[in-house]
Amino acid sequence: MSKNAANRLAARDGLKRPSRPKRSSSSTPASAAEEGRPESSEPLRDVAYKAIKHRIITCVFRPGDYLNEAYISTVLRLGRTPVHQAIDRLVLDGLVEVIPRKGVIVRPVSFDEVMQIVDTRLHIEPWGVRLAAERAVERDIVAMEDILVRSEHATAVRDIEQMMLLDREFHVTLARATRNDVLAEILRKLHERSLRFWFISLVDADHHGEVQVEHQAVVQAIRDRNLDAAEGAMRSHIESFRRSITHMCESGNR
């Protein structure tokens with residue numbers, strides 16, 4: 001079995017030690033928060049939270065890795081208290097978990113969990129995009145269109161990390177356009193729990209092109225104020241993600 005197939009097969013039962021995808025040299029430099037450097041007067045606990053979460057989502061801290069607070073404090077150049085507070089918050093997000101008498105680990109990603117997230121998204125997100133089509137203001141739509149332009153460039157140069165981060169930004173911006181803060185927070189957590197699987201496994205160039213087209217269809221429907229078209233485009237987008245995940249795991253089992 002090839003190394004790629006082995007990694008894909010591992011995804012079926014929980015990814016613990018995936019290989020890291022190659023990143024393009026054109027990747028946008030990480031922000032100060034992502035690198036652990038305070039931005040203006042931002043609370044240190046928030047700086048630590050963003051920096052650790054970024055490393056988890058992009059698999060610098062990989063599924064199954066143990067997180068040592070002293071080491072993280074040194075890497076981020078922050079005190080132990082904000083790092084500890086950040087880890088507590090990441091537990092609530094479902095990105096890390098505490099193992100009694102062992103410590104804190106990055107939560108493994110499993111196929112079954114991702115499928116549950118997809119099912120949940122199919123129940124919630126089509127309603128959300130209908131709200132966005134009804135409530136989005138011009139600045140929301142312009143922001144999404146700007147993300148599409150940046151995504152097109154990232155896709156063209158195969159910048160995996162940047163594509164993933166822009167995918168997250170797109171869905172966060174879309175959720176905010178619903179003008180429903182509770183819904184936006186639920187959708188943010190759903191996406192961030194599945195992003196690691198996206199980053200590890202979905203490296204097929206054709207799929208990234210499809211994602212770009214699907215996002216464009218969603219934005220066009222919102223601009224047209226076509227609620228039914230927006231819902232249909234979002235359902236198609238989520239089902240496309242499901243098919244890609246399923247195909248990847250089936251290929252790994254051959």
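The points below describe a predicted model of one protein chain, moving from the overall layout to single residues.

1. Overall layout. The protein chain contains 11 helices and three strands, and when these elements are read along the sequence they follow the pattern α-α-α-β-α-α-β-β-α-α-α-α-α-α.

2. Among the contacts between residues at least 6 apart in sequence, 77% join residues that are at least 24 apart.

3. The three strands form an open sheet in the order 1-3-2, with antiparallel pairing, and its edges are strand 1 (66-67) and strand 2 (96-99), each of which pairs on one side only. Strand 2 is joined to strand 3 (residues 103-106) by four bridges, the two strands running antiparallel; within this pairing, Val96 has Val106 of strand 3 as its bridge partner. In general, the strands of a sheet pair through backbone hydrogen bonds, in either a parallel or an antiparallel manner.

4. Helix 3. This helix covers residues 44-57, and its 14 residues reach 20 Å from the first C-alpha to the last, which is close to the 20 Å expected at 1.5 Å a residue. Helix 3 is mostly covered, with 10 of its 14 residues buried, and the buried residues include Val47, Ala48 and Tyr49 as well as Lys53, His54 and Arg55. After the helix comes Cys59, whose phi is positive, near 65 degrees.

5. The nonpolar cores. The largest nonpolar core has 39 residues, of which Val114, Phe170, Leu174, Val218 and Ile222 touch the most other members. Helix 6 (111-135), helix 7 (138-156), helix 8 (160-176), helix 9 (181-201), helix 10 (205-223) and helix 11 each supply at least two residues of this core. Apart from this core lies another one, of 19 residues, among them Ala48, Tyr49, Phe61 and Leu78; of these, Ala48 and Tyr49 are also among the buried residues of helix 3.

6. Val114. With its neighbours within four places in sequence left aside, Val114 is in contact with Val109, Phe197, Phe241 and Ile245.

7. Ala230. This residue lies in helix 11 (residues 227-252), and Ala230 counts as buried because its relative accessible area is 0%, which is under the 20% limit used for burial. Not counting residues up to four places away in sequence, Ala230 touches Val129, Ala133 and Ala221. The C-alpha atoms of Ala230 and Val218, which are 12 residues apart along the chain, are separated by 5.4 Å, and Val218 is one of the residues that touch the most other members of the largest nonpolar core.

8. Ser240. Helix 11 also holds Ser240, which counts as buried because its relative accessibility is 3%, again under the 20% limit. Once residues up to four places away in sequence are set aside, Ser240 touches His207, Glu210 and Glu214.

Terms used. Residues numbered from 1 in each chain as written. Predicted model: local features only at pLDDT ≥ 70, side-chain atom pairs only at ≥ 80, totals over all residues. Heavy atoms only, no water. Expected span 1.5 Å × (residues − 1). Buried < 20%, exposed > 50% of the residue type's maximum accessible area, 1.4 Å probe, protein only. Contact = heavy atoms within 4.5 Å. Pairing = 2+ DSSP bridges. Core = buried A, V, L, I, M, F, W, Y, C linked by side-chain atoms within 4.5 Å.
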